[in-house]
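Dear colleague,

I am pleased to hand over the structure below for your study. Please open it first and then read the notes that follow.

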Amino acid sequence: MVGPVIAKAGDCQTLNGSPKRPRQGRAARRWALASGGAPVLSRPGFPSTSADGPQMSHSASPPRPLRSAKAAPLSGRFRVPGDKSISHRAFMFGAMAEGETLIDGLLEGDDVLATGKAMQALGASIEKRGDRWHVHGLGVGGFLEPRHDLDFGNAGTGARLTMGLVGGYGFTTRFVGDASLSSRPMKRVLDPLRAIGVEVVEHHDNKLPIALRGPKAPLPISYRVPMASAQVKSCVLLAGLVIPGTTVVIEPIMTRDHTEKMLEGFGAEISVETDSEGVRTIRVEGLPKLTGQHVVVPGDPSSAAFPIVAGLIVPGADIVIENVLMNPTRTGLITTLQEMGGDIELIDQRQSGGEDVADLRVRHSRLRGVTVPAERAPSMIDEYPVLAVAAAYAEGETLMEGLEELRVKESDRLAAVARGLEVNGVACVEGPESLLVRGTGRVAGGGVVRTHLDHRIAMSFLVLGMASDQPVTVDDERMIATSFPDFVPGMTRLGAAFTPGTAA
Ligand SMILES: O=C(O)C1=C[C@@H](OP(=O)(O)O)[C@@H](O)[C@H](O)C1
Ligand SMILES: C=C(OP(=O)(O)O)C(=O)O
């Protein structure tokens with residue numbers, strides 16, 4: 001543990017009563033502003049945090065098309081931003097722990113900042129001093145009733161995990177988001193929350209806006225996660241923290257394990273058993289004492305995916321991507337690209353913040369098509385759009401199976417990728433849960449890709465344009481800031497040629 005234990009902000013609260021904020025006014029406003037008086041969670045171009053008002057709107061500005069033309073032979077080193085999954089959880093678990101949590105390497109993307117603002121609205125104090133984030137948490141059961149809607153913008157992880165975090169509290173919390181998030185299915189988290197006794201006061205066909213009110217006496221449940229989803233698993237485990245007794249989550253297909261690892265690090269009583277078929281049974285005890293920690297966030301492998309694929313497809317490229325998280329629940333793309341013949345060398349493999357990390361040296365490679373087995377999908381679920389780009393430059397067919405979850409991301413990624421490939425002259429077959437890409441080693445380009453408010457579609461097709469015969473345009477680059485704010489300047493430093501485009 002790092003830092004002094006502070007008085008529990010929610011001392012006056014009872015978990016299942018109706019916790020209320022302290023009296024409105026100056027004292028109350030301090031909850032949502034930096035203790036040093038400076039506004040936090042704002043940066044140039046972003047609305048600053050307001051104690052009472054709505055938080056931020058990710059898609060309020062007009063769309064910004066961007067064009068990607070043939071890159072120079074890529075060279076240099078790139079430090080990708082902090083892992084998004086770990087960054088969300090660092091804010092959340094810091095807000096729930098007693099005392100101070102220090103976070104180094106946090107991803108300062110819009111998705112994570114929205115989570116930070118939500119934690120502030122629930123009573124935690126969050127500020128950035130120098131390069132380090134400081135979170136003063138409230139202790140389990142200490143959240144306060146928010147005075148405004150929690151706006152998660154584009155972020156499924158923020159919204160779904162926070163529904164678990166507050167689900168057990170006897171107050172009402174309303175969740176809103178942008179057009180993309182408002183079209184994503186929330187039944188997957190509302191179902192287990194309903195079983196716990198949470199009242200879903202408002203929903204729109206089980207989609208946002210959603211308002212939840214916790215029960216007087218929440219019940220611990222045993223829940224088998226019906227789809228491969230770390231967000232659903234995490235939602236139930238987090239809800240279990242404020243329910244007396246043992247909450248059990250059965251996970252038939254393993255997904256990223258950051259919630260389990262980080263909860264244990266913050267002091268929760270959590271155990272995992274894996275049977276001979278790989279089915280995991282996770283048990284968490286309610287009402288633990290969580291204590292603030294020092295979290296060091298490693299680089300995001302889902303962001304590293306873009307310079308990695310660019311390095312493989314751009315002739316003459318030879319680059320190093322530094323400090324990438326190598327947790328085995330996240331490395332499916334690297335395995336796949338190596339099977340395709342990609343020259344990706346792991347250098348300086350080491351431990352950082354309790355996780356494996358490495359630097360990756362990537363060189364231009366001749367790629368060949370492969371079959372990617374369905375069971376690998378959870379370990380590379382966000383990387384399929386950019387894998388499809390690598391497949392377009394490979395020789396032969398690449399078949400990706402088990403992609404049903406791609407249909408419910410920020411966009412229907414299976415359809416968005418297929419249309420993006422087609423308009424750029426790449427043959428592919430979109431199945432209900434699969435994608436077949438017919439690579440010829442060469443991409444015509446020249447198309448305008450519809451991104452549907454999806455950061456990964458935007459970045460993937462900008463990478464496609466880095467080696468295609470004609471430039472590729474994406475209709476909107478704004479959402480890139482949700483997960484990878486340094487993408488455009490960082491890729492440009494390596495040798496990318498991005499210029500403002502027209503989406504005609
Ligand atoms: O738990 C997480 O941090 C995430 C889980 C995944 O979503 P699902 O749980 O919906 O697969 C992933 O796509 C998302 O980017 C982050
Ligand atoms: C699916 C993603 O994130 P989320 O579900 O948090 O919106 C992603 O980042 O690709």
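**The shell around ligand 1**

Three residues of the shell around ligand 1 come from α7, the largest share. Please keep in mind that the model is predicted. Helix α7 covers residues 230-240, and both α7 and α4 supply at least two residues of this shell. Around ligand 1 one finds S85, G156, T157, S229, A230, Q231, S234, R256, I381, D382 and E405. By type, the shell residues divide into six polar, three charged and two nonpolar. Ligand 1 lies between domain 1 (66-81 + 298-500) and domain 2 (84-296), because both domains give residues to its shell.

**Positions listed in the record**

In an unreviewed entry, UniProt lists K84, G156, R184, Q231, R413 and R456 under "binding site". Two of these positions are described here.

G156 is placed in helix α4, which covers residues 156-167. Is G156 buried or exposed? G156 has 21 C-beta neighbours inside 10 Å, and it therefore counts as buried, since the cut-off for a buried residue is 20 or more. Apart from neighbours within four places in sequence, G156 is in contact with L181, R184 and Q231.

K84 is found in helix α2, residues 84-96. K84 counts as buried because 25 C-beta neighbours lie inside 10 Å. Beyond neighbours within four places in sequence, K84 is in contact with L107, G109, D111, V112, D300, S302 and S483.

With kind regards

Conventions
Residues are numbered from 1 along each chain as its sequence is written. Chains are lettered from A and ligands numbered from 1 in the order in which they are written. This is a predicted model: local features need pLDDT of at least 70, side-chain atom pairs count only at pLDDT 80 or more; totals for chains, interfaces and linings use all residues. UniProt positions are given in the numbering used here, feature names are shortened, and annotations may be inferred rather than shown by experiment. Helices (H or I, at least four residues) and strands (E, at least two) are DSSP runs, numbered from the N terminus. A residue is buried if 20 or more other C-beta atoms lie within 10 Å of its own, exposed if 12 or fewer, and partly exposed in between; C-beta atoms are placed from the backbone. Two residues are in contact if their C-beta atoms, placed from the backbone, lie within 7 Å. A residue is near a molecule or strand if its C-beta atom, placed from the backbone, lies within 6 Å of it. Ala, Val, Leu, Ile, Met, Phe, Trp, Tyr, Cys and Pro count as nonpolar, Asp, Glu, Lys and Arg as charged, and the others, Gly among them, as polar. Domain bounds come from an automatic or database domain assignment.
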